[in-house]
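Keep the 3D view open and find each residue as its name comes up.

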Amino acid sequence: MVFWKFFLFLFGCFTQFEFSWAFTNPIKTTDGSDPFMVYSAGYYYLTTTTWTNIKITRATTIGGLKTASAKTVWTDSTSSRCCNMWAPEIWWYDTAGSWYIYYTAGTSDTLDNQRIHVLKGSSTSIWDSTWSYAGRIAIPNRDVWSIDQTFLFYGSNKYLVYSSWDGSDQCLYIAQFSSPTTVGNAVLISRPSLSWEIETARVNEGPAALYHGGRTWIVFSASACWGSNYNLGRLELTGTNPLSASSWTKYGSSIFSSANGNNEPGHNGFFSSPSGNQIHMVYHASSSVPAVCDGSRYTMVQQVGWHSDGSPNLGSPRALTDSVPEPV
């Protein structure tokens, strides 16, 4: 009898431990579009598109983000940037010694005035920071509609990668940072042309840099977010100059698409685990086909794997019933 009591005690402890170190998707059920995550000082920080403001949620586990309260860190009544706030990302700018939030915003009457804006944090703690408006990033050679900004690091340099129109094509561009709010001229590095990039609309957007084994990729979203085949593709930096289009190689097929009832997955980001030994992907998906580019999209997280040739293996969107291990 004593043995069985001890066994049941151990089983209960194990079950509790296993439960606390796994989670199920989605981690955010509404307003889960365009997610970004970063791990800092023992916490995961999550931002998504909430349209009218910028909110940050934090927790010590991925599962904890599901019930954690979001903090509104920014609203704006300035007419040129009051509205349609999209895709906020939190980045540490080492030479400035500050956290910054990069986001897209524009006017209330149209989506045609979207530009990239920057907030500066007051503290080395993301959560404890108060945020002030630092400026708009004006691209010197093409100060036009620009969205879905992100960072790419190569050598000692920092680069802005973003999406912008060139004619009827929504393309990816890159420019080098000279300060947290200033960049040089932009260069087009990816134009939608392959079949999986041009369904419903010709779109490359939502870039996210990924690094492994000395290699650098940009994973990006392709085709229309309101269509039936929003998906992910990838570029690899196969040359030595990120500002040269010829240094980038686009792979010919999609690497992540609808599965297990999670449709039109896209606008992903990557973040490191607490140990730094794992990389996880955060992305949004939709329960409908075609999807709608609104707050009905939800946020999901899963680990990135690697093929035998060293290239990223994103797998497919995991079922919402899956028990997903917490990052370690």
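Start with Tyr45. In this predicted model, Tyr45 has 3% relative accessibility, so Tyr45 counts as buried. The cut-off for buried is under 20%. Trp127 falls below that cut-off too: at 17% relative accessibility, Trp127 counts as buried.

Now look at these two rings together. A pair of aromatic rings is described by the distance of the centres and the angle of the planes. The ring centres of Tyr45 and Trp127 are 6.5 Å apart, and their planes stand at 45 degrees, so the pair is tilted. Where do the two residues sit in the chain? Tyr45 belongs to strand E3, residues 43-47. Trp127 lies in the loop between strand E8 (115-121) and strand E9 (131-137).

Turn next to Trp92 and Trp99. Their ring centres are 5.4 Å apart and their planes are at 65 degrees, so this pair is edge-to-face. Are the two partners buried or partly exposed? Trp92, at 31% relative accessibility, counts as partly exposed. Trp99, at 7%, counts as buried.

How many aromatic pairs are there by this rule? The count is 21. Ring pairs also build a cluster, with Phe36, Trp91, Tyr93, Tyr100, Tyr102, Phe151, Phe153 and Phe177 as its members.

Finally, look for charges over rings. Arg81 has its charged end over the ring of Tyr133, 3.5 Å from the ring centre. Over the ring of Tyr251 sits the charged end of Arg234, 3.7 Å from the centre.

Note on methods. Residues numbered from 1 in each chain as written. Predicted model: local features only at pLDDT ≥ 70, side-chain atom pairs only at ≥ 80, totals over all residues. Heavy atoms only, no water. Phe/Tyr/Trp six-rings, centres within 6.5 Å; stacked < 30°, edge-to-face > 60°. Helix = DSSP H or I, 4+ residues; strand = E, 2+ residues; numbered from the N terminus. Buried < 20%, exposed > 50% of the residue type's maximum accessible area, 1.4 Å probe, protein only. Lys NZ or Arg CZ within 6 Å of the ring centre and 35° of its normal.
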